[in-house]
Amino acid sequence: MNELLLLAAGLIVFTVAIGLARILHGPNEVERLMAVQLLGTGGIAALLLIANATNVPGVDDVALGLALLAPFATIAFVNLVDADEGAAERDLAP
Amino acid sequence: MSFLDIGLALLVVLVAVWTIAAQDLFASAVGYVAYGLLLALVWIRLYAPDVALTEAAVGSGVTGVLLIAASKRLGALKIAALEAPPSLAFKLLTGVLALLVASALAAAILMLPDPPPSLAPEAAVAAEGPGAGLGNPITAVLISYRSFDTMLEKVVLILAVLGVWSVGADQAWGGAPAPLRRSKPYPAMVFLAQMLAPVGALIGIHVFWVGADAPGGAFQGGALLAAMWMVAMMARLRDPPRIDAQWLRLALVAGPAVFLVTGLAGVVMAGNFFAYPPGLAKPIILFIEAFMLMSIAVALPALVAGPPSGRSEQ
Amino acid sequence: MISLLDLFSVAAISAGALFFFAGTVGLLRFPDSLTRLHALAKADNLGLGLVALGLIPRAESPLAALKLIVIWALVLLSSASTAQLIGRSLSRGRK
Amino acid sequence: MTPSILAGLVGAALVGLGLYGLILHPHPLRKLLAFNLIGSGVFLVFGIVARRGAAAGFPFDPIPQAMIITGIVVAFAASALAVALILRLSAKSGRVTLDPDAWAKQNGADAK
């Protein structure tokens with residue numbers, strides 16, 4: 001059963017890693033980010049599987065940390081895009 | 001060796017090649033974030049959950065925000081470098097040099113002594129030493145066995161913060177760094193930050209607390225707390241504090257200061273610099289770690305927020 | 001000897017892996033950014049959700065099971081919110 | 001070949017790759033990325049030393065691992081400082097380059 005779980009972890013990581021081709025191709029910057037977000041979620045799933053299949057302690061906490069940090073890059077990016085375009089800037093003006 | 005290990009190794013190298021080879025600056029930075037994620041998985045496979053947690057939080061998460069923001073800002077400048085691209089001969093020469101260094105390192109790895117030398121017994125003494133009883137040997141090493149090192153590392157963080165602050169314009173000194181978002185945030189962003197930050201702060205403290213006996217500790221917990229503060233700043237729930245704020249500076253130096261004072265007290269109490277009196281070692285270590293947690297949680301966002309910006313620049 | 005619970009785990013995890021596969025295919029093959037975003041959100045929500053669901057019966061303690069659910073909830077929250085943010089930034093770019 | 005040796009070889013490859021990028025890329029931010037690659041390659045080599053040094057009932061040698069954790073945080077601090085310097089340099093000079101001659105070229109162009 002543990003072997004099976006590790007196999008599933010590997011499959012999920014490699015599947016989402018294929019999605020990283022979107023980093024290569026883009027064409028939008030947003031799509032490059034989306035590929036990383038998919039890798040992040042796949043990585044969390046793989047960590048959960050590894051946590052269950054092996055006796056390394058604390059792997060679930062690593063997954064928890066990754067889950068917390070998942071939206072990080074995207075928020076930073078959206079903020080900068082808005083700053084670039086000066087959009088929503090007027091919203092701040094009283 | 002399983003299919004998971006081989007595949008992960010290949011993926012890490014491929015993504016690293018992409019980070020180096022990409023034409024686009026932003027694509028390269030995003031590639032680095034993916035690289036950090038994959039590396040965290042590799043660390044788990046190397047039986048290093050503490051390192052994996054640090055890599056995930058600092059190496060991928062916080063560094064990712066830093067790099068993505070920097071590449072976006074530099075990309076907005078749209079300035080072509082005046083330099084001529086390196087010639088083919090120079091490229092080849094560099095390639096050969098890189099190959100030589102990598103093969104020398106690989107050869108050294110293949111020829112590592114057997115049986116491998118290990119300091120683990122000494123770490124075991126530090127972890128189970130008189131009255132310590134820490135279940136996590138890495139925390140014991142960081143706070144007890146290599147305590148001076150860890151203390152100086154906090155000083156390095158402070159120096160880096162000072163360095164970043166002093167990069168700003170003279171007239172901006174003492175002011176606040178530019179907000180992480182220039183305009184009014186979207187409701188969805190505010191909602192996300194309001195939900196995530198409290199939960200994340202709890203998880204950060206949890207990671208710190210279990211660090212005495214399980215993977216985790218002040219570094220990892222502090223990095224998660226720092227990340228949550230950054231989420232709040234990115235959604236404009238909070239703005240970066242003024243760099244002359246008293247509480248900020250106190251929080252920054254508290255970690256190494258408490259560490260150093262405790263270490264000096266060890267001379268009197270336990271007969272040696274950075275020695276902890278038997279029976280009290282565990283509470284003292286947790287006490288030091290609590291202040292280090294605070295320093296890290298404050299230093300990392302300060303590093304990402306950057307130098308103070310004059311009001312006039314906005 | 002495979003118990004019924006194990007069978008449930010295998011089924012749920014396989015289904016989760018399938019959603020990750022579908023999400024990747026969608027990300028690569030769908031024609032424009034918004035549809036790709038749609039594919040991404042499915043993988044985030046259902047793929048991870050099914051994997052977590054499949055692991056719950058195997059959790060060592062109720063607390064470990066709770067942790068699985070918290071992780072899934074966090075990813076649901078951030079994936080839904082960032083999808084909206086990305087969508088907004090895309091629709092602005094189109095104007 | 002064991003998984004730890006494989007990871008060590010990956011570390012060696014990363015050091016080589018990073019060195020290549022560090023020397024060849026003219027863009028300072030790309031140099032910084034390459035430098036971080038070298039750093040994580042070295043961490044990986046440290047990591048396998050830690051894994052091989054399993055003894056005294058630990059599945060790893062905690063001392064190299066503790067050093068890696070310290071190293072990751074210091075590497076981040078250095079990167080943040082470098083990013084601040086790069087952003088300041090580009091804001092001040094209006095261009096993103098480390099080439100000292102580029103300044104002369106630009107000033108020459110301005111003088112004309």
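Start with chain D: read along the sequence, its pattern is α-α-α-α. Keep in mind as you go that this is a predicted model.

**Stop 1: chain D**

Colour chain D by secondary structure. You will find 4 helices and 0 strands. Now think about burial. Of the 112 residues in chain D, 61% are buried. Next, look at contacts between residues at least 6 apart in the sequence of chain D. Of these, 51% join residues at least 24 apart.

**Stop 2: two helices in chain C**

Move to chain C. Select residues 4-29, which form helix H1 of chain C. An angle over 145 degrees counts as roughly antiparallel. Therefore H1(C) is roughly antiparallel to H2(C). The crossing of H1(C) and H2(C) is left-handed. Now colour the residues of this contact by class. There are 17 nonpolar, 6 polar and 2 charged residues in the contact of H1(C) with H2(C).

**Stop 3: where chain A meets chain C**

Show chain A and chain C together. Here 38 residues of chain A are in contact with 37 residues of chain C. Stay on the chain A side. Helices H1 (2-18), H2 (21-25), H3 (29-53), H4 and H5 (72-85) of chain A each give two or more residues to it. Which helix gives the most? Select H3(A): with 13 residues, H3(A) gives the most to the side of chain A that touches chain C. By class, that side of chain A has 26 nonpolar, 8 polar and 4 charged residues.

**Stop 4: helix H4 of chain A**

Keep chain A and select residues 59-69, which are helix H4. Why is H4(A) described as largely enclosed by the rest of the structure? Because 11 of its 11 residues are buried. Click along the helix to see them. Among these buried residues are Val59(A), Asp60(A), Asp61(A), Gly65(A) and Leu69(A).

**Stop 5: the domains of chain B**

Finish with chain B. Give each domain its own colour: domain 1 is 1-76, domain 2 is 85-117 and domain 3 is 119-314. Hide domain 2 for a moment. The C-alpha centres of domain 1 and domain 3 of chain B lie 23 Å apart. Zoom in on where these domains touch. In chain B, 10 residues of domain 1 are in contact with 13 residues of domain 3. The domain 1 side of this contact in chain B has 7 nonpolar, 2 polar and 1 charged residues.

Conventions:
Residues numbered from 1 in each chain as written. Chains lettered and ligands numbered in written order. Predicted model: local features only at pLDDT ≥ 70, side-chain atom pairs only at ≥ 80, totals over all residues. Buried ≥ 20, exposed ≤ 12 C-beta atoms within 10 Å, placed from the backbone. Contact = placed C-beta atoms within 7 Å. Axes fitted to C-alpha atoms, helices over the stretch in contact; angles between N-to-C directions. Parallel < 35°, antiparallel > 145°, perpendicular 65-115°, else oblique. Left-handed = near helix turned anticlockwise from the far one by under 90°. Nonpolar A, V, L, I, M, F, W, Y, C, P; charged D, E, K, R; others polar. Domains from an automatic or database assignment.
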